[in-house]
Amino acid sequence: MQDHQTSPVPQCPDLQSLIQIDKVHGSIYTDPQIYAQELRQIWQRTWVYVGHESEIPEPNDFIMKSIGPEPILMTRDRDGQIHLLHNRCPHRGNRVCDEHRGNARTFTCNYHGWSFGNDGNLRGYPFPSGYPDDKRKELGLGKVPRVASYRGFVFGSLAEDGPSLEEHLGGARAALDNLCDTSPEGEVEITAGFLQHKVMANWKFVLENETDGYHPAFTHASIFEVADSQIGSLYVDGSTAVTRYFGNGHAEVDLRPEFRKRDEPMSWFGTSAERLPDYTARMQAAYGAERARQIMIDGTPHIMIFPNLFIAEIQMFVIQPLSVDETVQHVTALQFKGAPDLNRRLRQQTMGSVGPAGFLLADDAEMYERSHAGVQDKSPEWVYLGRGTHRERTDENGYKIGEVTDEVPSRGMWQYYRALMEAV
């Protein structure tokens, strides 16, 4: 008689031999066992960006989000508290919500009629006489153990304990602060709706690309030329912009040195303060003339918050892995509370760059898929990430920085990735 034993978890390859200081092995992107380990060690253990408070502004609002490939319900209960819930009935595993968003006090499983409050608690089940004891306290929806918000950005961790969200964010918090300061009311609003872009490529190609300052002058040369944009000139040798690694996987391309050289408010957005008179007046009223001018010169950040939140000046991306070779980028235009004229232009520019007929993300998507196909070849086996190792340095805050085209962010991210993957 065959012995039915629990199958052991497949052994993950030795990451020490696959991740080195200036290169990683191609299999790190394509091995299904490594991907399965990522789900356990990264997506199910660290803090993951889920959604923004402005997406569920009213009591009983909900929206479908995700942590990795798993769907997650983000809800606001009647008292205003935000919950992150697994969309799985504890009875037979059926989905309890099929709608993308809405307003509901309860969710009812359409298989056997179990109903749950928007706080995840089991409200009731049909024909209760079939259960000798009341099961309502023990059979609610699964709840993400840790939920925290920073400046309206909601993160969840499937681990019961670990570093706090603020510890995880570290130096990246300042970038979120700067982003919110772009609003005269100090708040970001995620209200423009999301586009979804699916690529046949591993999620880490997307992650690395977001703070890669080496590719824009080449990959995006056509859109810069058509749009008569000055952005391409920021990503060249001699640029004063820098790449910066904050630790914990977070990195940025800091373009502020170039914008400060120009000393022109709203140059980061390709316009001028005179063309946005209402926004300029509101910023000056909120911050004073000097501080408002500095904010409008510096512009918004270009930062990747590990493992899945990318702020890209005018838009926001959320990375979602579906499998070892499928990734979805959810993208929306950033919107700033109290800035209607700026917001209108942000929506228009976002559609032009990453919309269905946009150029920018189409360029990147082509590169992701080419790279994923390429690393499956056996020669050469390695992906080289050594650009700028000889000039990497430390800034006044103790963060590693390099020139704008250097691969400081990728090298930092890979070392953090390895630490997470090898953690007990």
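What percentage of the 424 residues of the chain count as buried? In this predicted model, the share is 53%, where buried means under 20% relative accessible area, exposed means over 50%, and partly exposed is in between (1.4 Å probe, protein chains only). A word on ground rules: residues are numbered from 1 along each chain as its sequence is written, and side-chain values use heavy atoms, with hydrogens and water left out. Since the model is predicted, local features need pLDDT of at least 70 and side-chain atom pairs count only at pLDDT 80 or more, while totals for chains, interfaces and linings use all residues.

Now for the overall picture. The chain folds up into 13 helices and 23 strands; these are DSSP runs numbered from the N terminus, with helices (H or I) taking at least four residues and strands (E) at least two. Its radius of gyration is 23 Å, close to the 22 Å from the globule rule for 424 residues, so the chain is as compact as a globular protein of that length. That radius is taken over C-alpha atoms, and the rule is 2.2 Å times the number of residues to the power 0.38. Along the principal axes, the C-alpha trace spans about 75 × 55 × 40 Å.

What about the inside? In soluble globular proteins, nonpolar side chains tend to be buried together. Here the largest nonpolar core has 53 residues, and those with the most contacts inside it are Val24, Ile28, Tyr29, Met74, Trp414 and Tyr417. Such a core is a set of buried Ala, Val, Leu, Ile, Met, Phe, Trp, Tyr and Cys residues joined through side-chain atoms within 4.5 Å. Helix 13 (residues 408–422) supplies the largest share, seven residues. Setting aside residues up to four places away in sequence, Tyr417 touches Ile19, Ile28, Ile34, Glu38, Ile42 and Lys204. There is also a second, separate core of 44 residues, with Trp47, Leu165, Tyr279 and Ile311 among them.

Beyond its neighbours within four places in sequence, Glu55 is in contact with residues including Lys65, Met74 and Arg101. Val242, in strand 14 (residues 242–247), is buried too, at 9% relative accessible area. Not counting residues up to four places away, Val242 touches Glu252, Val253, Asp254, Arg393, Gly402, Glu403 and Val404. The C-alpha atoms of Val242 and Asp406 are separated by 8.3 Å, although the two are 164 residues apart along the chain.

A cis peptide bond joins Phe306 and Pro307, with omega about 0°; Pro307 lies between strand 16 (302–305) and strand 17 (309–312). Another cis bond links Ser379 and Pro380, with omega about -5°, and Pro380 is in the loop between helix 12 (360–374) and strand 21 (382–384). Phe127 isn't a glycine, yet its phi is positive, near 55°. Phe127 is exposed, with a relative accessible area of 73%. Asn248, also not a glycine, has a positive phi of about 55°, and at 28% relative accessibility it counts as partly exposed.

Methods
Contact means heavy atoms within 4.5 Å.
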